[in-house]
2 protein chains.
Amino acid sequence: MHSQNEENYLKAIFKLSAEGPAVSTSALARELDVQAASVTDMVKKLAAKELIQYEKYQGVLLTAKGRLVAVNIIRKHRIWEVFLVDKLGFGWSEVHDIAEQLEHIHSEQLIDRLDDFLDHPSFDPHGGPIPDREGRLPQRQAEPLSALPVGSKAIVAGVKDDDRELLEYLEQKGLLIGARLRVLEHLTFDDSLVLETPSGKWSVSRKVADNLLVRPPAVE
Amino acid sequence: MHSQNEENYLKAIFKLSAEGPAVSTSALARELDVQAASVTDMVKKLAAKELIQYEKYQGVLLTAKGRLVAVNIIRKHRIWEVFLVDKLGFGWSEVHDIAEQLEHIHSEQLIDRLDDFLDHPSFDPHGGPIPDREGRLPQRQAEPLSALPVGSKAIVAGVKDDDRELLEYLEQKGLLIGARLRVLEHLTFDDSLVLETPSGKWSVSRKVADNLLVRPPAVE
DNA sequence: TTTTAATTTTAGTCTTGTCTAAATTTATTT
DNA sequence: AAATAAATTTAGACAAGACTAAAATTAAAA
Ligand SMILES: [Mn+2]
Ligand SMILES: [Mn+2]
Ligand SMILES: [Mn+2]
Ligand SMILES: [Mn+2]
């Protein structure tokens, strides 16, 4: 079995791998909130266990083995989040920190039975795709809101980062999953957008628009 | 917040306190499966945090603060066991090890909501009383089967230790919680008992009889 | 292409929790 | 009461993970 720490490193490497193949020491240090020197120590240990490939000064890459561990943690995290929201009545902004702990419970049986109990959800409360036991992620045709041209309509499909503050902000603006919206304006000055939402017109910053994932409406 | 380790030490001290006031280093070492020297180191740290009283060579005692931590862990452990059996369909012999992990999830909210979801159970699947938020244990009029005289009838109320093997053994003999039984014979030679159970007549050892808790029938 | 700056690694420590072996204290026998 | 045995504590080490400060490497500027 792997330690919680190893699991957190692998998960962070997986997450940062989305931005490009090799993950740098400093990016990992930022993500995990530790010093770069600590990361260097730790990636050596992970490489010794063949969970990542590590070349001095060149950053790290997950091996197939490491990727599977990471994706399994994400699977657990997201299934637990569904449980917390659907069964225990937590709000979508309240569950991430608890799931950060629950994702490290070691029992395949437990997560399989929980998955049954929840009727095999494909997405978590933030629109995050839930991998299956083999590590396959369901596809979703979602793109960042910031990629939409002015005038287009869309439906909220998820958020990139389940940051508590962002989630509370979106909830307060009625921008929950499934909410309809339209892009009214685009200010080139700061790349902010003006949106029409169920609860009125709102201006959102570029950063928010980058983190809000949407899909085309009507299609299905 | 306390570490998982501290929590496990406090829980073990609480458990062993039932046999008498002061808990010895060696008893703790046996219970936690570590060396006595490790226990000595650890109890010094717990005493420094005022979770226990420790006097060299005299064993340890929980403080009120330490007792509350211990009882809270037991509360979580047992509520999770109810969840695993009642909602996820695990057998009573399968849940202890998973609950050993789940009991260390830190979130008062989580356990309160789970308690709601389960309709505030008073006992876990092994008959273990579930403490309330203030650490009060529900009373139960249960005694070890070994205390019963020959001829008496009783109802299974729980087990002292949720040891997997014992639980599977009892399940196989139909001695689940609520099962009716009668003491047919007592062999003074080895203190074993012969029982009449729903599934027939069985002989059980003294050790099993000590660990099987029963309550009088008919009374409510 | 040097010089400077940023990133990354090494070296040396620290904390938590464990271990073994040796020393000390307490309990049990003679 | 002295001798022996059992329980407990100390001393010294070790592994996992973290830190700071300094050295080495790579990247960016001049
Ligand atoms: Mn999350
Ligand atoms: Mn999520
Ligand atoms: Mn248990
Ligand atoms: Mn139990």
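My entries follow, starting with the ground rules.

**Ground rules.** I'm looking at a predicted model, where local features need pLDDT of at least 70, side-chain atom pairs count only at pLDDT 80 or more, and totals for chains, interfaces and linings use all residues. Residues are numbered from 1 along each chain as its sequence is written, chains are lettered from A and ligands numbered from 1 in the order in which they are written, and side-chain values use heavy atoms, with hydrogens and water left out.

B:Glu81 sits in helix H4 (residues 64-87) and B:Asp162 in the loop between strand E4 (153-159) and helix H7 (164-172), so the pair ties together parts of chain B that are 81 residues apart in sequence. Helices (H or I, at least four residues) and strands (E, at least two) are DSSP runs, numbered from the N terminus.

I checked burial too: B:Glu81 is buried at 0% relative accessible area, and B:Asp162 is buried at 17%. Buried means under 20%, exposed over 50%, partly exposed in between (1.4 Å probe, protein chains only).

**A:Thr197.** I placed this residue in strand E6 (residues 192-197) of chain A. A:Thr197 is buried, with 7% relative accessibility. Its side chain makes a polar contact of 3.4 Å with that of A:Trp202. A polar contact is a pair of N or O atoms within 3.5 Å; within protein, one must be able to donate a hydrogen and the other to accept it, and residues adjacent in sequence count only if both atoms are side-chain atoms. Beyond neighbours within four places in sequence, A:Thr197 is in contact (heavy atoms within 4.5 Å) with A:Lys173, A:Leu175, A:Arg180 and A:Trp202.

**A:Phe14.** Buried or partly exposed? I get partly exposed, at 21% relative accessibility. A:Phe14 belongs to helix H1 (residues 4-17) of chain A. Setting aside neighbours within four places in sequence, I list its contacts as A:Leu62, A:Arg67, A:Ala70, A:Val71, A:Ile74 and A:Leu137.
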